[in-house]
There are 2 protein chains.
Amino acid sequence: MSSEGSRRRDVTVADVAKAAQVSKAQAARALGNYGAVSEDVRERVLAAAEGLGYRPNELARSMNTGKSNTIGVVVGDIENPHFGLATRGITDTAKKSGYNVILINTDEERAAEVDAVQVLLDKRVDGLIVAPASSVETAHLKEVRDSGRPLVLLDRAAEGLDVETFAVDMGTISYESTKYLIEAGHRRIAFVSTVRTEGPYVAGMPLDSSQISDRLEGIRRAFEDEGLSQPMDLVRLNAGDADSIMRITRDLLKGPDAATAIIASDGLIALSVVEAIQESGLSIPSDVSLIMYDDFAWTRLTTPPLTVIAQPVYDMGMAAATALIRQIEGRKSSSPAGPPLEARLVRRGSVGSPKDVGVLSQAGS
Amino acid sequence: MSSEGSRRRDVTVADVAKAAQVSKAQAARALGNYGAVSEDVRERVLAAAEGLGYRPNELARSMNTGKSNTIGVVVGDIENPHFGLATRGITDTAKKSGYNVILINTDEERAAEVDAVQVLLDKRVDGLIVAPASSVETAHLKEVRDSGRPLVLLDRAAEGLDVETFAVDMGTISYESTKYLIEAGHRRIAFVSTVRTEGPYVAGMPLDSSQISDRLEGIRRAFEDEGLSQPMDLVRLNAGDADSIMRITRDLLKGPDAATAIIASDGLIALSVVEAIQESGLSIPSDVSLIMYDDFAWTRLTTPPLTVIAQPVYDMGMAAATALIRQIEGRKSSSPAGPPLEARLVRRGSVGSPKDVGVLSQAGS
DNA sequence: AATCGATGTGAGTCCGGTCTCAATCCTAGG
DNA sequence: CCTAGGATTGAGACCGGACTCACATCGATT
């Protein structure tokens, strides 16, 4: 309909050069605008390009500049708003510096992650941002490192891998939050997370996720500080889909030794925990207190609104991208600073005192 | 530390060939495993490749196969779980067929979208999935079409552009939902959306989003069917950030002619609407009823749980990717079917009868 | 008028693969 | 023993830009 039925092969510099009656080299210079080109030639070339609908082939360009202007991002699950927001921080920053993002989802599976990293390397991305599924098995990340390609970690650190990592200090915030619960009178504090482990949790056992280890360590310290010890039976890992989380929650809340407070390791978990609590006919916070990681908008809408641990997720993405791009573009050192990326406990309404605390403290006094 | 300090330039077929003492062509054949290669050569080449840590340069490969095994995805906002989930559907499907995804965010801005499409075309992606910010200004999409690159639309249709589009039938579900509200006694039904318009809404005015037009049309029809007419003053577009949505909500709920029900055009809007309602001290559904588009998990946790319009978002992404890949790989026709992609009204607790309905109907009888 | 440095310009190489084509090997049929 | 035809193999073109290098131009110097 329109005009030149542009089927098949697309226009190349050579075509433009021919049309503009100049050499390929000159056309390339005018188009790529580098080198010296006379006004006359430039105009003719640009006009020809316009007329032919020339579009540079970035693949070819990348091939001999060695730069693809693309960064690879490997996350566990974009469906999770946590990563959605982080990704947003990354893409926004990347775009600002002229980079595009290839996104790969791993479903938190190591095999998928190894694969993803490989693919991105093969595609010659300029750098990688990875939220490692495992903080322990990091051979593939070491390879990236050794290959000399810029790499930056998000959310979780990788053991024995000296790479810039953008994550909040989980130990501290976990400690604070636990302290807060303890001060409210809680002793039976549960922790629910998705990390997978072989058997049930044993204090200090190595975990795949540095994040979770740090959080557990924070909890332990908080108890210790008070001369108490953390109720290990309430640490529940391997929480998978909604059903399993609900099952775990019901289990935590039953019996004479039930948990009086639950710390949900992320928003998805909290969702199911709250659902299970509601279904059990219990109420928050009078029967159970709850703290969840990540501050999503909906947490203000539940009754009561949830007390959460807010992480600067967008900023983390932004910082990671900024650092990566800095690495890609040269100077190693310079400002390693940036804002500190601190998590914060946002006290809303889901934490109260456990039912029998009054009785206990009276009895104690 | 490890061994061969693989700095700089990476290993190429030529290097492998030299190491294996065969010609570049033979090495390439063995590696790319095409053509005829003797067992002996194959083994030597593979061993050499292994030893050298050879990794094919996908860029180079793409350049002369003309295939990048990459599809471009352009969405308005990955931070929005709607797109997060759709993207998940796309990436899962793509991965299954060996494709990677380059994701670009447009913030729902047309300029950014035009740019995004251009960039992806320049990167020679094999195909595009776009959730067009505007259903009207679609010149850039027509260009994609004309360039011969496979294109598929997600979520919204584009006017006068004959491209496979994966979206639910908004007219029908909107009609049904409105009917449901009307039957509950509502007459003052508001509709809040982010679409931008020049001035205030006027019946039938052209909108950027086909989705929204369809929804409004559905509402109109539902009213018409009952011999009523839609309260145009309650259609509020241009709802931007949280603040503006809350302002709009407060405005809708004040005065003698306040809205008794609100339809929120997406989850983000609903979030602020609910917040504004709660802040006003009103309650759902006794004071105001609410329906929102998209069924997010948290909608089950509010008090009351929200009545929502569930869309098969993941499936839409999956269908779009499947169709795109089919287009990329050949056969035009075949099964244009796939599951129907229908939206469904999920009745939970946020719709009730308006306060004065009793009075009114009594007065009426 | 001869010289010099700053442009302009075209031919051709290179990036790292894929692929064509002609030459060489090998083996079975005659 | 000779030969046709398939299996192997190497040289080199090619994809579409970026970039090197040698050469041509030209106004300005002295």
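**View 1. Pairing of β3 and β4 within chain B of the predicted model.** B:V130 stands opposite B:L153 of β4(B), and the two strands concerned, β3 (residues 127–130) and β4 (residues 151–154) of chain B, pair in the parallel sense over 3 bridges. Strands count as paired if DSSP finds at least two bridges between them; strands (E, at least two residues) and helices (H or I, at least four) are DSSP runs, numbered from the N terminus. In this predicted model, local features need pLDDT of at least 70 and side-chain atom pairs count only at pLDDT 80 or more, whereas totals for chains, interfaces and linings use all residues. Residues are numbered from 1 along each chain as its sequence is written, and chains are lettered from A and ligands numbered from 1 in the order in which they are written.

**View 2. The strand pair that joins the chains.** β2(A) and β2(B) run antiparallel and are joined by 3 bridges, with B:V101 in β2(B) as the bridge partner of A:L103.

**View 3. The whole sheet.** The 10 strands form an open sheet with mixed pairing, in the order β5(A)-β4(A)-β3(A)-β1(A)-β2(A)-β2(B)-β1(B)-β3(B)-β4(B)-β5(B). Because β5 (165–166) of chain A and β5 (165–166) of chain B stand at the edges with a single partner strand each, one side of each is left without a neighbour in the sheet.

**View 4. The contact between chains A and B.** Chain A gives 43 residues to the contact and chain B 43 residues, where contact requires C-beta atoms, placed from the backbone, to lie within 7 Å. Among the elements of chain A that each supply at least two residues of the side touching chain B are α5 (81–96), β2 and α11 (267–279).

Terms used. Contact = placed C-beta atoms within 7 Å.
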